Amino acid sequence: MKKIITLILALILCLSSLGLFGCAEESGGKAVLLSSFENFDRDIQPIHVLDGMGDVGENRDMQFVKGGKKSLYATPVGLTWVTKFPYLVIPTTSINYNMNYGNFENVEKVTCWVYNTSDETEWMSMGLTGLTRTHQYAESAIRPNGEYFDLAPGWNFIEYYIYPAYMSMQSFDIKSVYGIFFEFDRSEEITVASAIKFYIDEVKLHYVKGERKPITTLNLNSDAENGAWEVCDFEDSMQSYHFAIPYVIPSAIWNQPHIRTVNASKYNITAKSGVNVLELIKRAGTNNFACCYMQMEGTALKEAFKNIGQDLIDNPSNYVLKFDIYNTSDVVDGITIELFSDRSYDETLNSENAQTGTYFSSGTKVNPGEWYTYEKNIGAIDNNIKNRAAGSSSTTDDDKTPVLFSQHPGGITFSWAAFRTSSNMEDRVILIDNFRIEKVS
Ligand SMILES: [Ca+2]
Ligand SMILES: [Ca+2]
């Protein structure tokens, strides 16, 4: 009898520890239950709520529970005077609970269940955060792009895949992840009572079997004979990581966009390369003076330039940089596109004040319902940078060393003004595809 009781006790212990920490190991294709929100002190109390997240707490209503007897509820409200989106962060580490799941190097994906109580589809963005340099957790924590999900009414099973090689392009240390963020839309209401409630349960980390295979971040196609070099075509969903959405802007007043790769058939159009495109969701905002932007990192540009070789440096005017933009809204859209050189290529020159390297493109108008091809001659970009450095323009760049785009491509910035009309808070969607270099002669 005593033996049976011991066995039952052991079983209960294992079950309860499963609920708390998971019995699985950290690696080897196993899954770890990071949180099922069963233990308030460990699972709920340490959660960070930021940017007007509103109310977050413990739920015991079994209708909104997927595992155990409790789940997390979140009622995102948002702030009315800024246009950032409310989010919460579930920490991956805890000294008190001897929990250390901060190394995401071998995490294949994070899964969880999210219940949307609205009767409409709502969006949620999920991603990772790092620590700030001061080790003080704040909204300035590093956040590489989140993955953007549509939440149908009711339960949604979420699978968020982790791409360490791509995240490193955004200077993120995958080995010291502080937490997992869940970001939601702002409520048009300013009280918790009238905002939409979401429930989260069963947050699991799934590890790869054995070692993670090295991911080739860039696998560019080139057709040198026909004078064509690919930079980015978005056929691989990870390619959205070529773009960074900076979360921290000094003025802190702007509308964060969301990006992901989608099949162009979603918009009943044909992609310019393959079938997938980058979907840029420009969020309508409540601040008309805000500026919004996203930035293409230089990694793929550098690789494409390397594939072309010396001829590009010797004869930059023989090459053009091209990509295609599609405006799905019904109004003409304006986007400012800036091409910039990598001014950090030489550490001895590593002072942005001593160098110049930005080509300021004028605002680009994109008509609704048709593909627009942006095209810029690389020699012209170089000349523009040199002219500015030579003092032929009225900028303050006169004494600076020009860093040429053809030699040290840095990236591309896309920016646009915040928008809304008094009666309309509809978001606008821009599709982008087929970044490439073409030889013109
Ligand atoms: Ca639970
Ligand atoms: Ca494509």
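The questions and answers below go through a predicted model of one protein chain.

Residues are numbered from 1 along each chain as its sequence is written, while chains are lettered from A and ligands numbered from 1 in the order in which they are written. Because the model is predicted, local features need pLDDT of at least 70 and side-chain atom pairs count only at pLDDT 80 or more, whereas totals for chains, interfaces and linings use all residues.

Reader: What is the average pLDDT of the chain?
Author: The pLDDT is the predictor's confidence in each residue, on a scale from 0 to 100. In this chain, 79% of the residues score at least 70, and the average is 82.

Reader: Over which residues does pLDDT stay under 50, with 20 contacts beyond four places in sequence?
Author: Two residues are in contact if their C-beta atoms, placed from the backbone, lie within 7 Å. Where pLDDT is low, the predicted coordinates should not be read in detail. One stretch with pLDDT below 50 is residues 133-139, which has six contacts beyond near neighbours in sequence. The stretch with 20 such contacts, beyond four places in sequence, is residues 1-27.

Reader: What percentage of the residues in the chain is buried?
Author: A residue is buried if 20 or more other C-beta atoms lie within 10 Å of its own, exposed if 12 or fewer, and partly exposed in between, with C-beta atoms placed from the backbone. Of the 441 residues in the chain, the buried ones make up 39%.

Reader: Why do the buried residues of α4 line one face of the helix?
Author: Helix α4 covers residues 299-308, and its residues Ala300, Leu301, Ala304 and Phe305 are buried. An α-helix has 3.6 residues a turn, so residues three or four places apart point the same way. Taking directions from the helix axis to the C-beta atoms, the buried residues of α4 line one face because they fall within an arc of 135°.

Reader: How many residues has the largest nonpolar core?
Author: A nonpolar core is a set of buried Ala, Val, Leu, Ile, Met, Phe, Trp, Tyr and Cys residues joined through C-beta atoms within 7 Å. In the largest one, the residues with the most contacts inside it include Leu88, Val114 and Phe198, and its total is 51 residues.

Reader: Which strands are the edge strands of the open sheet of five strands?
Author: Two strands pair if DSSP finds at least two bridges between them. The order in this open sheet is β2-β5-β12-β9-β10, with antiparallel pairing. Each edge strand pairs on one side only, and these strands are β2 (48-50) and β10 (147-151).

Reader: Which residue is the bridge partner of Met126 in β12?
Author: Strands β9 and β12 pair in the antiparallel sense over six bridges. Within β12, the partner of Met126 is Phe182.

Reader: Which residue in β27 is the bridge partner of Glu279?
Author: Strand β18 (residues 276-282) is mostly covered, as six of its seven residues are buried. Six bridges join β18 to β17 (residues 258-263), and the two run antiparallel. Strand β18 also pairs with β27 in the antiparallel sense, over five bridges. There, the partner of Glu279 is Leu431.

Conventions: Helices (H or I, at least four residues) and strands (E, at least two) are DSSP runs, numbered from the N terminus.
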